[in-house]
Amino acid sequence: MKSIKTITILSTLALFTACGKSGFLAFDHYDGPITEDQFWNIDVAARGQVNRAYTFLPVGYTKFDGALLAAGCDEAVNSDLNASINGFNNGTWGPLRTLDDAYKRNYDGIRQANVFLENAHRANIEPASDIPRIRGEALFLRAFYHFELMKRYGGIVIATKVFHTDDDLDLPRNSFEETVAQIVADCDAAAALLPLSPTHYGAGDRGRATAAAAMALKARTLLYAASPLYNRQNDAAQWRRAAEAAKELIDLDVHGLHNNYATLFNFTAAAYNTEIIFATAPTARNDIEMNNAPISYNGALGRTNPTQELVDAYEMTSGLLPDQPGSGFNPEAPYANRDPRFIASIFFNGTTFKQQPVLTHVGGKDGLGQSINATKTGYYMRKFTTQDATWNQASNALIRRPWVLLRFAEVLLNYAEAQNEAEGPDPSVYEAVNRVRARAGVNMPPLPAGLSQDGMRERIRRERRIELSFEEHRFFDVRRWMEGPETLRGPVSGMRITPREGGGFDYARFVVETRVFDDRMYLFPIPQAEINNTRNLEQNPGY
């Protein structure tokens, strides 16, 4: 974002938002402190208030001890078995030990957006015609942060104003339905004020909110609301509303699928390809590789280790699962002829990275037990990594990359899921899923005709698992589907690959760890400190 890069709003902006309407600021453009009215009279300061709201967007690359949220569900294991993320897997998280604690961060983001919304009328921004668009950005960000809270905690305290220290802050939670309604209302209001797609911004401002982003967020919110965790009566009208919201964006035809899944998240050539609807501002980084590449590559830490359960979910190029008759699976070469997204997402034994083989077999340089950081499953995560980054060198190459928050493939799958639940597997459901499968370079066979609604549901859920792997969807998908006991409880597996004398390998599945899950874990606990500070804020059940 150009404005974020070129404008210094000072660290004292935080003081401004905390002090409310009685505070003063020290500001770089003045020799002394300025009043609030003077602040809003400065173009760069007023614009910078919304820029600050963007800084609270989540970045998932290094959220947990250098690894991803994927290791908190059945997608992956963290190679550091003492990592904090294992609290999700062993049941030790709770109000006093919160994980992925987004409570304060998202309310801080909401506050920054509300500060601008309450003061936009007096902002001296030139041209003044920019103000409605910037208001749209603030509305979108407010909706986004409310959604991030909703998907973790359910109904939350809705914040549509700037709270001050003399306000009554002992507020009860709004209902889930009220929370959804507020997010949808803000998305609709934002979409009416924002340019349609990122192409309407200059190159330096890519990463700002768009109408398409607001529409995608609305569709995702309604999909969550229609899901079994919240829609216990399976009201088809809720599914239909979610489908309509996604279809409205699809029909605008302003976003499409990137032509190469393997480079979808590699921004070395061109940032913000047509599939990216909304993402954080790109930062130059090599920590993705340093934390997650196989251990033999310049001291990488190999943190995110895909599970055998995830590997098993990838189809053969025939369109069948490996254990289905006629799939073409060869137990002597179990990774051959798999969905190309498998090769793009997972390092397995014999893969090439930086012109060197990844060797995860027993005794291999990246194999089980080679070091304390070595893979615990026989696999490493490849998605998001690039061969162009270097680390632990005298001079390192940093590659600019954002964290993608909304992309078009998800919108297609959101539509397919909602439409299948509302109407069954009609042709539009097949079209949406097959469009994802037919991406250039993936070219997976279309889904078989004649699927039942249950059969289509299973295929859509598997497609989400593959297409959106490691992107923080699976962790929340299995919760909104209420599949915790099936997916989050019990063993997760790896693959021990042992070389044979004379050539070839033996492959033996083994249990890496056994995990726990109970119903309270469908929602996050509100931090105990927040509960202690109020009387009316209610904790989630079971905590």
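Mentor: We shall take a hairpin, then the cysteines, then one phenylalanine. The model is predicted, so local features need pLDDT of at least 70 and side-chain atom pairs pLDDT 80 or more, whereas totals for chains, interfaces and linings use all residues. Residues are numbered from 1 along each chain as its sequence is written, and side-chain values use heavy atoms, without hydrogens or water.

Trainee: How many bridges join strand 13 to strand 14?

Mentor: Strands are DSSP runs of E of at least two residues, and helices are runs of H or I of at least four, numbered from the N terminus. Two strands pair if DSSP finds at least two bridges between them. Here 10 bridges link strand 13 (residues 490–499) with strand 14 (residues 505–515), and the two run antiparallel. M495 lies opposite R509 of strand 14. The hairpin has 5 residues between its strands, and G502 there adopts a positive phi near 90 degrees.

Trainee: What is the count of disulfides?

Mentor: A disulfide is a pair of cysteine sulfur atoms within 2.5 Å. By that rule the count is 0.

Trainee: Is F64 buried or exposed?

Mentor: Buried means under 20% relative accessible area, exposed over 50%, and partly exposed in between (1.4 Å probe, protein chains only). F64 has 4% relative accessibility and therefore counts as buried. C73 and C187 are also buried, C73 at 1% and C187 at 1%.

Trainee: Where is F64 placed, and which residues does F64 touch?

Mentor: F64 sits in the loop between helix 4 (43–54) and strand 3 (76–78). Taking contact as heavy atoms within 4.5 Å, and leaving out residues up to four places away in sequence, F64 touches L69, N78, S84, I85, F88, L99 and D100. From P33, F64 is 31 residues away in sequence and 40 Å away in space, C-alpha to C-alpha.
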